[in-house]
Amino acid sequence: MKTSSFPLIHNRKAMVGALIVAFILAVAIAAPLLTSYDPGARVGRPHQSPSLEHWLGTTRIGQDVFARLIYGARTSLAVGFGAGLLITIVGTALGIIAGYRGGKIDEVISFFTNMVLVVPNLPLLLVLAAFIGQASPWVIALILGCTSWAWGARVTRAETLSVKQKDYVKSAEMMGEPRWRIMTFEILPNLISIVGINFIGSVIFAIITQATLEFLGLGDPKVVSWGTMLYAAQKASALSVGAWWDILTPCFALAFLGIGLSLLNFAVDEIANPRLRTGNRLGRWSALIRSGEGRL
């Protein structure tokens, strides 16, 4: 295949974002090779500052922060990508069905979509997590997947209404193709950019929301994740006692991953919507300004 078939390769934002996400994924997968410490075991003095023995210091009870960081990345990434995949599948399926079938089916799906959109998402998640108690990461992922699909369904439905008017869809209908086949092989491939944007945005939302719920004490403190790291550091008054490494480490990890995923999201959005590509316009404006200064 020609490289021109892969426009993300030529997008700087996409390449930088992909490198950041790939680096974090590689560190999470190689966690047992990067440290010999058990993330839940006491291996040092309380709040020991960063050193050659403990690269990112220790927690209030003497756990190695670096070990907890890279093992916690596994949990946070699993919840983020798992919930993001569930949100994307549900939203895409309902959006395509509503947009293509129309009629009563569209009305029913749109009713539930509007109902979910009206309910504030974060308060709903807080109520559900508090009702369940100390929710495990997979329970949090399931809650996120079941309550956060409406935006993706709305956008996918709008795009489907446009795509289903295309000639190739009408031709498939005239040839007697089954509806499921038309939705799967004629409409879905033309919505890949929308699906990609929905997926990446959902992953970002899931990771940040999981960390928020766990920071508020609604997660399982026995599970190592970036959210439970923040919760433990807050309970131990890490900033008050000067143990900045205990709380800033997961904060920087979340921000770093968020930057990588956001760059990927911006890149996919620019490719899907050429009007957002400002690079050439800025170059032309710079050339005009330079030429104007030259005349002066």
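**Exercise 1.** Work out whether Pro-221 is buried, partly exposed or exposed, and find where Pro-221 lies.

Step 1: Pro-221 has a relative accessible area of 41%, and that makes it partly exposed (buried is under 20%, exposed over 50%, partly exposed in between; 1.4 Å probe, protein chains only).

A quick note on ground rules: this is a predicted model, where local features need pLDDT of at least 70, side-chain atom pairs count only at pLDDT 80 or more, and totals for chains, interfaces and linings use all residues. Residues are numbered from 1 along each chain as its sequence is written, and side-chain values use heavy atoms, with hydrogens and water left out.

Step 2: Pro-221 sits in the loop between helix 10 (192-215) and helix 11 (226-235); helices are DSSP runs of H or I, at least four residues, numbered from the N terminus.

Step 3: Skipping neighbours within four places in sequence, Pro-221 is in contact (heavy atoms within 4.5 Å) with Gln-134, Thr-228 and Tyr-231.

**Exercise 2.** Find how Trp-180 and Phe-185 pair, and what lies over the face of Phe-185.

Step 1: The structure holds five aromatic pairs. In one of them, Trp-180 and Phe-185 are edge-to-face, 6.5 Å centre to centre with 65 degrees between the planes. The rule: Phe, Tyr and Trp rings (six-membered ring for Trp) pair with centres within 6.5 Å; planes under 30 degrees apart are stacked, over 60 edge-to-face, the rest tilted.

Step 2: Arg-181 lies over the face of Phe-185, 4.8 Å from the ring centre (cut-offs: NZ of Lys or CZ of Arg within 6 Å of the ring centre and within 35 degrees of the ring normal).

Note on methods
Helix = DSSP H or I, 4+ residues; strand = E, 2+ residues; numbered from the N terminus.
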